Each structure stands twice: as structure tokens, then as C-alpha cells.
Amino acid sequence: MSMTARWFRRGDHLVMLGAFAGAFLLLALSTFTSWPVGAGGLGAAGTTTVNPVMAAQAGDCLNWTKKDLSDVAKVDCTSQHLFEVTGVADISAAHGPQAPFPDDAQWQQISQEQCGKMSLDYLGGKFDPFGKYTVGPLSPGERLWREGQRTIRCGLQVAGPAGGLLPSYGTARTQDQSDVYDPGVCLGITETRSVADPVECVKPHTFEITGVVTLPPGDFPPLEQQDNIMVGECARITAEYTGGADLQARGLIVAWDTRAPESWAAGSRLANCKIGATPTDNSLTAWEGSVRNPNAPPLTTSNPPQTTAVQQDEATGAPLHSQSNSSSAAPSSSGEKPSGKPDESTTAVTTTTPSR
């Protein structure tokens with residue numbers, strides 16, 4: 001028996017922007033996207049260190065560890081960072097000296113108007129609307145806004161399915177933008193039974209990633225062709241990952257992702273293999289523990305990952321993470337994929353011991 005389901009990525013955290021090619025998805029804004037007022041602290045006597053955000057230009061990467069960005073610093077893009085600047089925008093013409101500080105909805109509009117095309121141009125016109133990168137601004141914050149600051153930094157960042165920021169390694173200009181995670185990563189579950197950010201596998205989770213497949217080059221392969229590739233590759237990869245465990249006995253199934261035409265056009269060629277519990281009442285089901293074979297060879301990175309569950313030895317690539325199902329469709333026993341957003345689809349097949 002087989003069943004297919006489409007689980008959509010970050011549907012409750014993003015809005016579609018269709019004003020230009022690429023159909024950008026914008027990261028929902030929150031308080032940590034404001035500039036720090038006193039970042040850098042005091043330098044020599046009588047001098048103040050320049051706020052790194054105020055000095056950042058397109059191509060610069062910024063990193064911080066505190067939610068208020070008070071320790072923000074410019075870093076080399078090959079090292080860990082949370083924001084890659086794609087451009088600088090002055091919004092004073094539309095927001096004069098007496099304009100109130102924008103609310104979240106207004107910031108979304110500002111981001112659409114100012115950061116969308118700027119970021120698309122920065123990426124050479126290739127943006128995966130279902131990939132790992134999201135577009136958004138760093139705002140001046142209310143205090144600097146009251147003092148007349150009307151300059152924003154537009155940029156790219158990676159957020160998990162539940163909105164938590166994930167660190168990046170390497171410039172987005174050269175990364176495969178596929179929305180994938182590395183093997184060994186487990187994705188949590190929200191109260192609404194959608195996919196959450198990475199968690200330890202001992203905690204309740206929706207999926208455990210068993211591997212990443214690189215789809216063959218060439219023209220966009222139809223979903224049926226992708227399924228034919230992924231079913232064999234994921235059975236092989238999962239059997240190696242689990243040591244041939246009997247997944248069906250644990251109520252688990254092998255699943256995988258596919259790429260949409262828009263993703264393919266942007267150069268995204270990677271897709272997840274993963275294990276999940278058999279859906280209950282047409283919804284994702286939480287399960288605990290890992291099916292990883294403890295005697296298997298050490299896991300290797302594939303892009304490489306940046307998550308809370310897997311640690312890489314050499315930080316040379318972009319972060320990897322999976323999709324959420326905020327707008328999940330019901331599994332279909334007929335094998336037909338439910339209609340909906342042209343996002344990654346997830347095909348789940350019940351299995352016993354996968355063949356190698």
C-alpha cells in the first residue's frame with residue numbers, strides 16, 4: 001500500500017510576493033530584526049564604535065547571539081552568520097520625520113517594495129521561492145526611528161519551519177538553495193501538528209532525515225520521474241542509515257521531497273529522504289527516538305548542515321533544513337498528489353525492511 005501527501009513549508013510564517021519574477025517569500029518580522037542602538041560599546045576615550053549594521057553594505061554578512069542584536073558584528077561570509085546584506089534602502093521619502101514607527105504589516109509592505117527586487121538582483125535573478133532563503137529587512141528600531149533614521153538593510157536569512165533563525169555558511173550567491181537538512185536531523189512538531197524547528201531526536205518529532213539526494217542535471221523532471229528516482233534512492237539510503245530496521249513494525253514510513261519547477265529554475269537540485277510516523281486523522285504524528293543504526297559509520301555532511309542536531313567539522317556551505325506543513329493536505333490513498341501550492345511534495349510509502 002502507498003500513500004502520498006503534500007506538506008507545505010512555513011505557510012504561516014511567510015507571505016507570497018508576486019510583483020516580480022521569482023515570487024519571493026518574506027520572513028515574518030519580529031522584534032529581533034531591529035538594529036541594536038549601542039552595538040559595539042565604547043571604544044577609546046571619547047569615541048564610540050560604529051554600529052556594524054549602519055556600516056554594512058551589499059555582500060556583507062552579520063552575526064549575533066543575543067536577541068536584541070547588541071553583540072552584532074560583521075563577519076566573513078564563510079563563517080557563521082545570520083544575515084547576508086543584499087542592499088541598502090532609504091525609505092525617508094515615504095516615511096517622513098513625523099511618521100510613526102511601522103507595524104509588522106507595514107514592515108512587510110516595506111520589505112516587498114524595497115527588499116524583494118534588490119535581493120533578486122543580488123542573486124543574479126535566481127531565487128528559489130520554496131528554498132531555504134527568505135528575504136527581509138533589518139529595521140532601525142523605534143528609538144533610532146524617532147531620531148530620524150530611515151535607512152534599512154535588506155538581506156537574506158534562513159529560518160526553520162517554526163521561525164527560528166538558522167546560521168548560514170558561505171554566500172547565498174553560490175549556494176544550492178534547496179530546502180534540505182542533513183542526515184541525523186530530527187524536526188519537531190508544533191501544537192497544531194505541523195513541522196517545527198530541529199530538535200533532539202529523543203524528543204517528539206515529525207521526521208528524521210536519513211539522507212539527501214542530488215537529482216540528475218538537465219531539464220526539469222516531472223514529479224513522477226522524481227518519485228521514481230527518490231523511491232529507490234531513499235530505500236537504499238534509509239536501509240544503510242537504519243541498518244535494515246523493520247520500520248513498519250514501529251509504525252514508520254519512508255518519505256521524500258521533490259522539487260518544484262520554480263526551484264529547479266533557480267538551480268535547486270537537492271531533496272530529502274526521511275522517516276516519519278504513519279499519519280493519523282490526515283495529520284502528522286509525533287514519534288520519539290532515532291532509527292539510526294548505532295554501528296553505522298559516522299554521518300557526513302552533504303551541503304553542509306547547520307542545525308541543532310548535527311555538528312559539522314568544516315563550515316564551508318549553507319545551512320540545511322526541511323519544510324513544514326502549516327498548510328498540510330490530507331494523504332491520498334489513490335496516489336494522486338492533492339492540489340495546492342507548487343511546493344516540495346512529500347511521498348510516503350509504507351515499508352518493511354528496505355532493500356539495499
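**Side-chain contacts**

Tutor: This is a predicted model. Start at Arg236, which is partly exposed, with a relative accessible area of 34%.

Student: Which residue does Arg236 form a salt bridge with?
Tutor: Glu233. The closest N and O atoms of the two are 2.7 Å apart.

Student: And where do Glu233 and Arg236 lie?
Tutor: Both are in helix H4, residues 223-242. They sit three residues apart, about one turn of the helix.

Student: Is Glu233 buried or partly exposed?
Tutor: Glu233 counts as partly exposed, at 28% relative accessibility.

Student: How many salt bridges turn up in the whole structure?
Tutor: A search finds five. One of them joins the side chains of Lys117 and Asp121, at 2.9 Å from N to O.

Student: How far apart are Lys117 and Asp121 in helix H2?
Tutor: Four residues, so about one helical turn separates them. Lys117 is exposed at 51% relative accessible area. Asp121 counts as partly exposed, at 47%.

Student: What about Arg143?
Tutor: The side chain of Arg143 meets that of Glu147 in a salt bridge, 3.6 Å from N to O. Arg143 is partly exposed, with a relative accessible area of 48%. Glu147 is exposed, at 55%.

Student: OK, rings now. How many aromatic pairs are there?
Tutor: The whole-structure search gives four. Take Phe101 and Trp107: their ring centres are 5.7 Å apart and their planes are at 65°, so the pair is edge-to-face.

Student: Why is the pair of Trp107 and Trp145 edge-to-face?
Tutor: Planes over 60 degrees apart count as edge-to-face. The rings of Trp107 and Trp145 have planes at 75°, with centres 6.0 Å apart, so that pair is edge-to-face.

Student: Which parts of the chain does it link?
Tutor: Distant ones. Trp107 is in helix H2 (residues 104-122) and Trp145 in helix H3 (residues 141-146), 38 residues apart.

Student: Which residues make up the cluster?
Tutor: Phe101, Trp107 and Trp145 form one aromatic cluster. Trp107 counts as buried at 3% relative accessibility. Trp145 is buried too, at 2%. Phe101 is partly exposed, with a relative accessible area of 26%.

Student: Last one. Which charged residues lie over a ring?
Tutor: Among them is Lys274, whose charged end sits over the ring of Phe207, 4.2 Å from its centre. Another is Arg292, which lies over the face of Tyr241 at 5.3 Å from the ring centre.

Note on methods
Residues numbered from 1 in each chain as written. Predicted model: local features only at pLDDT ≥ 70, side-chain atom pairs only at ≥ 80, totals over all residues. Heavy atoms only, no water. Phe/Tyr/Trp six-rings, centres within 6.5 Å; stacked < 30°, edge-to-face > 60°. Buried < 20%, exposed > 50% of the residue type's maximum accessible area, 1.4 Å probe, protein only. Helix = DSSP H or I, 4+ residues; strand = E, 2+ residues; numbered from the N terminus. Lys NZ or Arg CZ within 6 Å of the ring centre and 35° of its normal. Salt bridge = Lys/Arg side-chain N within 4 Å of Asp/Glu carboxyl O.
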